[in-house]
Amino acid sequence: MRPSFGKECLLSILFELCFALLIAAVTPLLIRFCLLPTSVHLQYPLNIVFHTCDHDLHSVCSFPSATLEYEKNSLFSPNVAYYLSVRLKFADIASSNKLGLFQNVITITDENKNVLKQYTKSAYVKELGLITKASQVFLFPLYVLGFFYDYSYLNIPMSVDYLETNESPSTKLVFTVQDKFANIEEAELIVTARFGLIRHVLYYWPASSYAFLFGCFFAFGVFMIISKIGYLEYSARSKAALEKDKDAILKRKDQNLNEAPEVSKEIKSELKVESTEIRKRK
C-alpha cells in the first residue's frame, strides 16, 4: 500500500512550500533586527564656536568648541562598541599651515552632567610639499575631480572602543580644540559601530546576506518537507508490510484449522488398523 499523492496531498505540499517561503523571507529580517543596533554609522556636523575677548573684540579668548546634545540611546546603542572620529576642515589661510601641534578633546556626559568618558588626541595640519604643489598645478583637472588628497581636511580618530550601558546612557558630547588659533571652517563627528564578522556582513552587504540567509532557510524548509514525505512513505510501506504479514499468518492458521480434522481422521484409521492386526495375532 503506497500513499496516494492525490489532490489533497499536492495542496498540502504546496501550502507547506508557501509557508517555508514565508519563513525564509521573514527570518533574515528578524535576524537583522535582533543583531544590528539602531545606531550604526552616523555623521553629525559640529558647530564650532568660541568667545571673543572683552578688551579686544578681534581676539579669541577661548578654545574653539562644539556641543552636541541628543536623546538617550539615539547616538549610541547600549552594549555596542563605537569608533569615534572627528573630521576638520581648516580655512585656506597661511596661519593654518603654521598651526603646529594641537590637542583635541571629546567629553561625553549623561543627563546629570556626570562625565562618562573623555578622550584626548593630538594632531597637526600637514603642510603641502613641493612635489604635491607641483602635481596639483600640472594635473589640475585631476585635482578638481578629487584624485588628490585634500590637505585642508584632517581626520582625527578619537576612540575605538567607546561603550555605553543601559544604566548610564549619554545625552551630551562636547568637542574642544585646545588651540585658540585654529581656524576651523567645518567640523564633523563620525560615529561608527564596531562590528564582528556576522554584523559586518549583515550591515555592509545587506542584499548578499539576505539572499544567502533566504536560500539557507528555504533549503532547510524544503529538506524538512522532503523528509516528512519520505517518513510518510516509509510508514505507509511498513504498515502495508505488517498487514501483509498479518494476512499471511491468518491464512496459515485457517489452513491449519482446516487440515486438523483430516489429520485426526487418518490417525484414527491407522490406530484401528493396528488394533485389528494385534487382535489377529493373538
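Student: Which residue in β8 is the bridge partner of Lys89?

Tutor: Strands of a sheet pair through backbone hydrogen bonds, either parallel or antiparallel. Here the bridge partner of Lys89 in β8 is Glu186, and in β6 Lys89 stands opposite Tyr153. Please keep in mind that this is a predicted model, in which local features need pLDDT of at least 70 and side-chain atom pairs count only at pLDDT 80 or more, whereas totals for chains, interfaces and linings use all residues. Residues are numbered from 1 along each chain as its sequence is written, and side-chain values use heavy atoms, with hydrogens and water left out.

Student: How many bridges join β3 to strand β8, and how many join β3 to β6?

Tutor: Two strands are said to pair if DSSP finds at least two bridges between them, and the strands themselves are DSSP runs (E, at least two residues), as helices are (H or I, at least four), numbered from the N terminus. Strand β3 (residues 82-90) is joined to β6 by seven antiparallel bridges, with Leu88 opposite Leu154. Nine bridges, again antiparallel, join β3 to β8 (residues 184-193), and Tyr82 has Ala193 as its bridge partner in β8.

Student: What is the order of the strands in this open sheet?

Tutor: The order is β1-β8-β3-β6, an open sheet of four strands with antiparallel pairing. At its edges stand β1 (41-45) and β6 (153-162), each of which pairs on one side only. On average, neighbouring strands are turned by 15 degrees against each other, direction ignored; the angle is taken between N-to-C directions of lines fitted to C-alpha atoms, on a scale from 0 to 180 degrees. The pairing of β1 with β8 is antiparallel over five bridges, and Pro45 stands opposite Glu188 in β8.

Student: How many residues of β3 and of β8 are buried?

Tutor: A residue is buried at under 20% relative accessible area, exposed at over 50% and partly exposed in between (1.4 Å probe, protein chains only). Seven of the nine residues of β3 are buried, which leaves that strand mostly covered. In β8, seven of the 10 residues are buried, so β8 is largely enclosed by the rest of the structure. For the protein as a whole, 28% of its 282 residues count as buried.

Student: Which strands make up the open sheet that contains β7?

Tutor: That open sheet has four strands in the order β2-β7-β4-β5, paired in the antiparallel sense. Its edges are β2 (65-69) and β5 (115-124), and because each has a single partner strand, one side of each is left without a neighbour in the sheet. The twist from one strand to the next averages 10 degrees.

Student: Is Thr107 buried or exposed?

Tutor: Thr107, which lies in strand β4 (residues 101-109), counts as buried because its relative accessibility is 15%. Its side chain makes a polar contact with the side chain of Gln118 at 2.9 Å; such a contact is a pair of N or O atoms within 3.5 Å, where within protein one must be able to donate a hydrogen and the other to accept it, and residues adjacent in sequence count only if both atoms are side-chain atoms. Leaving aside residues up to four places away in sequence, Thr107 touches Val115, Lys117, Gln118, Lys172, Leu173 and Val174, contact meaning heavy atoms within 4.5 Å.

Student: Where does Lys126 lie?

Tutor: Lys126 is in the loop between β5 and α3 (130-138), and with a relative accessible area of 47% it is partly exposed. Between the C-alpha atoms of Lys126 and Gly100, which are 26 residues apart along the chain, the separation is 8.8 Å.

Student: Which residues does UniProt list for "transmembrane region"?

Tutor: The unreviewed UniProt entry lists residues 12-35, 130-149 and 210-231, with positions in the numbering used here, feature names shortened, and annotations that may be inferred rather than shown by experiment. In the model, the span 12-35 is 100% helix and 0% strand, with its end C-alpha atoms 34 Å apart. Residues 210-231 are likewise 100% helix and 0% strand, and their end C-alpha atoms lie 31 Å apart.

Student: How many helices and strands does the protein have?

Tutor: There are six helices and eight strands, following the pattern α-β-β-β-α-β-β-α-α-β-β-β-α-α along the sequence. Among contacts between residues at least 6 apart in sequence, 77% join residues at least 24 apart.
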